[in-house]
Each structure stands twice: as C-alpha cells, then as structure tokens.
Amino acid sequence: MTREIVIAPSILAADFARLGEEIAAIDAAGADWIHCDVMDGHFVPNISFGADVIKAIRPVTKKILDVHLMIAPVDPYLEAFAKAGADIITVHAEAGPHLDRSIQAIRALGKKAGVSLCPATAESAITYVLDRVDLVLVMTVNPGFGGQSFLESQLEKIERIKVMIGDRPIRLEVDGGVTPDNAAAVAAAGADTLVAGSAVFRGKSKAAYANSIAAIRTAAEAGRVPKLQTALIP
Ligand code: DX5
Ligand code: ZN
C-alpha cells in the first residue's frame, strides 16, 4: 500500500525559548505532523521535556502531535501524555518487559499507538504486536540527541519491516539524521513518514523551514518512483 509521504519536523531542534512561535512556523512551512521527542535521562542519556510542554503547545497547532516517548518506565505516564493532547503515542520496544500492555493502554486512552526500535534491536521484536499498532518508528540514530549521523545499517531493517507490515494500515516512520540527501533512500526502503530535526530547524527562518521540508518531501517522493516504475514493467 502506498501512502502519502508525511514530514514530521522534530521540535527537539527548535529554539525552546520561542517554542510556540517555532511550532507555528513549521506548521505554516508545510509540516504534516509535529514530532515531539520526550527524553528522561534514564532510558536515553538526555532530558528534553514532558507532558506539560505537550499540553502547552497543543493550542498552537491543529497538526498531529506525534509523541515519541524515550522513557522507562513508560506505562505510568501514558495517561498524562494522552490528556495533554498527543495524537500518536510511540513507545520503545526496549523500554520495558510488557510492550503489548503499553500498546493496549495507549489504545484504551483513545490514541494511535506506535512502537519504536533502537538501531541494535531486530525487527522480530515487533512481530507479535503488529496487529495492534498504527505506526512503527525505526530509529536511524541511537536515541538521545539530535544532529547525529544517519545509520545506513537501518535501511535493511526498514525494508524488512515494510514487508512485515504488508497491507496493514501502519505508517513506517524513520527518525534520526534524515536530510534531503538520504530521504530518497529512506523512502525507497519503504518509509512513508520522515522525522527531521536539525535538517529542518538549522535554517532559522520560516522560509528556510519551508525549503527544507519541501526538499525532504521532494527527495522522498522521488525515492519511491524507481520501485513504482519497476512494478509497472512486466
Ligand atoms: C533522537 C530523536 C530524533 C532526533 C531527530 O533521539 O528521537 O527525533 O531529534 O533529530 P535529527 O534530525 O537532528 O537527527
Ligand atoms: Zn523522535
């Protein structure tokens, strides 16, 4: 199944002193979703922000708030993020022993559920939750920091997960080191949802944000073309 490409700028790379303005700017610049990276200094070696910040930004945009929880434990905080206004809540397969329970809890809160894999985790970790998730997020850096280099090793994993997903209505999201230069390869591997932090926010102006978002989208759409053309050749 081919889905529209979604570009989800990560606000981790925004100017936190002007967070509301930055979100309004990426919204106007063509962001499809707003990616929110929550870090706890325990599951990952960095602390970012929590549910109160999600609540504060909720009135600023009507776009989907795509909340990526890099926290452990995660279950005690799911309700707070749901109440704060998250639309999609993604948990890490590595964050605890009961991934299926976490996913069920997100769905019971009326939210879309995502599952994320760190670079060293095999795709088999999500085999038995695929019928319960709306999104799979493949980390293409080790989670914790923006501005790291894309790990090429993850392209094969993206391809394998694309096959595992098959016709299920699940988005395949890629997060970490995504730029206009590698977006084509990411989309060619099967991703339909691209997170980008530094590649979007490094421009520091609304016009630059729009250019970067458009460049990532154009590259991703172009990356899909060879496969579609190949499929049409008898
Ligand atoms: C990493 C985060 C990513 C990251 C993306 O732990 O989940 O969302 O901030 O930022 P860039 O695009 O700068 O790698
Ligand atoms: Zn993220």
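Biologist: Which strands each supply at least two residues of the shell around ligand 1?
Modeller: Those are β2 (33-39), β3 (64-70) and β8 (193-196), with helices (H or I, at least four residues) and strands (E, at least two) taken as DSSP runs numbered from the N terminus. The largest share, three residues, comes from β2. This is a predicted model, where local features need pLDDT of at least 70, side-chain atom pairs count only at pLDDT 80 or more, and totals for chains, interfaces and linings use all residues. Residues are numbered from 1 along each chain as written, chains are lettered from A and ligands numbered from 1 in the order written, and side-chain values use heavy atoms, leaving out hydrogens and water.

Biologist: Which residues come nearest to ligand 1?
Modeller: Of the 20 around it, Asp-37, Gly-144, Asp-175, Gly-197 and Ser-198 come nearest; being around it takes a heavy atom within 4 Å.

Biologist: How much of ligand 1 does the protein bury?
Modeller: The protein buries 99% of the 370 Å² that ligand 1 exposes when taken alone, by the Shrake-Rupley method with a 1.4 Å probe.

Biologist: Where does ligand 1 sit, then?
Modeller: In the second largest pocket, meaning more than half of its atoms lie within 2 Å of the pocket's grid points. A pocket is an open set of points on a 1 Å grid over the protein atoms alone, with protein on both sides within 12 Å along at least five of seven lines; a cavity is a set where a 1.4 Å probe fits but cannot get out, and lining residues have an atom within 4 Å of a point.

Biologist: How much space lies in that second largest pocket?
Modeller: About 260 Å³, as the space filled by probe spheres set on the points. Of its 26 lining residues, those closest to the centre are Phe-145, Gly-146, Gly-147, Gly-176 and Gly-177.

Biologist: Switching topic, how many cavities of 30 Å³ or more are there?
Modeller: One. About 40 Å³ of space lies in the largest cavity, and its lining includes Arg-3, Lys-162 and Asp-192.
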